[in-house]
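Subject: Handover of a two-chain model

Dear colleague,

Please find below the structure that I am passing on to you. My notes on it follow directly after.

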Amino acid sequence: MSVHTLTVDGEEVAVPAGATLLDAVRAAGAELPTLCHLDGLTPVGACRLCLVELEGSGKLQPACATAAGEGMAVLTQTPQLQAYRRMAVELFFAEGTHVCAFCVANGNCELQDVAVAVGMDHSRFPYQYPQRRVDASHPHFAIDHHRCILCTRCVRVCDEIEGAHVWDVANRGRECTIITGLDEPWGEVQACTSCGKCVDACPTGAIFRKDDTTAEKQTHRERPQLLRDAREKHQWQNQ
Amino acid sequence: MTRTITIDPVTRIEGHAKITLHLDDDGRIADARFHVVEYRGFETFCEGRPFTEMAGITARICGICPVSHLLAAAKTGDKLLAVQPPPAARKLRRMLNLAQICQSHALSFFHLSSPDFLLGWESDPAQRNVFGLMAADPELARAGIRLRQFGQQVLELLGGRKIHSAWAVPGGVRTPLSAEARQWILERLPEARATVALALELYKKLLDGPLQHEQRCFGDFPSLFMGLVGPGGRWECIDGLIRFIDSDGLIVADDLSEDDYASFLGEAVESWSYLKFPYYKPRGYPDGLYRVGPLARLNVCEAIGTPWADAELAEFRQRSGTAASGGRVVTSSFAYHHARLVEIVACLEGIEQLVADDSLMEGRIRARASLNAHEAVGVSEAPRGTLFHHYKVDDDGLITRVNLIIATGQNNLAMNRTVVQIAREFISEPVAAEAEIPEPLLNRVEAGIRCFDPCLSCSTHAAGQMPLRIELRSADGALLAARQRQ
């Protein structure tokens, strides 16, 4: 197996060919915030939190969706990157309606975690307070679109792991939204197997179990990778 | 010339309010009004939310009594699921409410109201607060603060946090009583008992002496009283059914279910206050005035059910019960303070009984189900009185309508009548156009409101530092004179 050698913030690291810059950063023991990335799902580079700088190129690249190359010099914590990351998180908060106080995911929310990680203590952008839907038509689960950050992890886990493709993305710009089926109420989508993988994949409190109350959402974000390993490598967790 | 004197804001209460005193042409008190000047809007912005969030949302109404809303919301949730919480969960909820009533009453008595009677009505307003109390009697202030801490700590031991815990949920509670919590409570109970014993002793001495006048004229009038009672008319704080009695001690209505609240409670609205005016429907508005809270709970019950509390209840009635009721009913609103101390005793004894119950430490504490009803009403006794939550939901469990009837609202008519009575008693002489009204008299008018310990929002002005403004206004609204207290 061929190996690429590169540096992350000056630390030399070797990763197998095909690895991403995010893999390299993790191998080097460095931390990068992510939201749209979930191990086991195809990367999309949507949230822009894992942007890194490649020395000499002047371009910023999403680490989750960029292949590691031989001799690359990756910078993860420049002042520009830190400022961009904080701004991106502030925009997430301003774009939706995120009220942690009574959210099901309070204390177990990746958006909350990245806000802490990037040092966000307030948003400099005016909150939009969009009027979005709460779809609780499914017997077990519900989606509150106010809390959706359009990471598309639900779309990918349902398509790539469960194979049901219940979820998709509709519209553009401010109107962009996650939909179920052909934009039908979730409870009416026959393709849904009620497996709950979307609940586990969702980084916020947008998709949740209906009997969860404030701060009760428990997730198993490791499951997509476990299922993929089981399917593709025949490695099962209990072996 | 008709004038209006405004006390704005009312200090040492929870929330924002003002009082206006209306003088007639002769300069005598014609009327007085207690205005609640803030608007929260919770009933509206809960619409569209899943009902499972209601406990979390409504607990945020208040930082003093979030537990009351939490419990009322959880009980309403039980009914939407159509489940009975397991017995251990019901006991745990009761324990939470007892701790909540204990801490809130300690706050009302020691932090907010006792500076008036311990430091004196005439004392410097800048010192007439909990900090002044600390300076004058540090041991008593410390004991009072630690009594409140006891209640708050029990809330944290059960619910994981002192304020805005989401521990009570539709169907039950989240966690049982831990061995560490039981141990801590047992260790601290004797100190809490000693503090309330000290406060009772001190208060009774004042009642025998300097507070007699206030006891007589602070909102002493006949009215209905409403509260929950348990089996046999026992004092109750979370389960049970609703009872109304009158000032003669006669039961006007009994065994009423919260489900039917709309049949016996009406809600009137006045243009000069954001707080609604609930009334007992069969008697109409405003004749259907009734009082809720500690005084009402002690009046409606036959007994409390624990030895020390029952002894204190007997003495409370013997000291302050009206002759017309054969000593059974206490009608002075000033007695709310004494009633709070008696209820703290009841809470401590109740917690002591529950903490010895092994069933609270393991087993089933939560019943789970899907949505099984479209409408439900939950009730609990908040420290300030009976609290109703009424929700309607759609087929998916999303809220379509919310009605919250809070204790302070139910005391609204009584608070207004209390203010009029105090103003007439202490401002009995005609007020000349240029005359200023002495501050201690205005403080008594404010103190009439404090008897009810109104909780108007989650903001607190416990330090008493907010300015008191009095305005004299002519009939056409022109400002004649103003006085500012800093």
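In these notes, two residues are in contact if their C-beta atoms, placed from the backbone, lie within 7 Å. Helices (H or I, at least four residues) and strands (E, at least two) are DSSP runs, numbered from the N terminus. The model is predicted, so local features need pLDDT of at least 70 and side-chain atom pairs count only at pLDDT 80 or more, while totals for chains, interfaces and linings use all residues. Residues are numbered from 1 along each chain as its sequence is written, and chains are lettered from A and ligands numbered from 1 in the order in which they are written.

Helix H3 of chain A and its surroundings

Helix H3(A) covers residues 110-117, and its buried residues are Glu110(A), Leu111(A), Val114(A) and Ala115(A). A residue is called buried if 20 or more other C-beta atoms lie within 10 Å of its own, exposed if 12 or fewer, and partly exposed in between, with C-beta atoms placed from the backbone. Seen down the axis of H3(A), these buried residues fall within an arc of 145 degrees, so they line one face of the helix. The arc is that of the directions from the helix axis to the C-beta atoms. Helix H2 (79-95) of chain A is included in what covers the buried residues of H3(A). Just after H3(A), Gly119(A) has a positive phi of about 75 degrees.

Pro203(A) is placed in the loop between helix H5 (197-201) and strand E10 (207-209) of chain A. It counts as buried because it has 28 C-beta neighbours inside 10 Å. From Pro203(A) to Gly181(A) there are 22 residues in sequence and 21 Å in space, C-alpha to C-alpha.

Domains and strands of chain A

The domain assignment divides chain A into domain 1 (3-77) and domain 2 (84-233); such bounds come from an automatic or database domain assignment. On the side of domain 1 of chain A that touches domain 2 of chain A there are 10 nonpolar, 2 polar and 2 charged residues. In this classification, Ala, Val, Leu, Ile, Met, Phe, Trp, Tyr, Cys and Pro count as nonpolar, Asp, Glu, Lys and Arg as charged, and the others, Gly among them, as polar. The contact brings 14 residues of domain 1 of chain A against 23 residues of domain 2 of chain A, and the C-alpha centres of the two domains of chain A are 24 Å apart.

Although not a glycine, Arg48(A) has a positive phi of about 65 degrees; with 16 other C-beta atoms within 10 Å, it is partly exposed. E3(A) runs antiparallel to strand E4 (residues 60-62) of chain A, joined by 3 bridges; two strands pair if DSSP finds at least two bridges between them. Leu51(A) has Pro62(A) as its bridge partner in E4(A). The hairpin of E3(A) and E4(A) has 5 residues between the strands, and in it Gly56(A) takes a positive phi near 95 degrees. E3(A) is also joined by 2 bridges to strand E5 (residues 73-75) of chain A, again antiparallel, with Leu54(A) opposite Val74(A).

Chain B

An open sheet of 4 strands in chain B has the order E8-E7-E6-E11, with mixed pairing. Strands E8 (251-256) and E11 (290-291) of chain B stand at the edges with a single partner strand each, so one side of each has no neighbour in the sheet. Strand E7 (residues 241-245) of chain B is antiparallel to E8(B), with 3 bridges, and Ile245(B) has Ile251(B) as its bridge partner.

Pro286(B) lies in the loop between strand E10 (277-280) and E11 of chain B, and a cis peptide bond with omega about 5 degrees joins Tyr285(B) to Pro286(B). In helix H15 (439-450) of chain B, 9 of the 12 residues are buried, so the helix is largely enclosed by the rest of the structure.

Contact between the chains

The contact takes 13 residues from chain A and 15 residues from chain B. The chain A side comprises 7 nonpolar, 3 polar and 3 charged residues.

With kind regards
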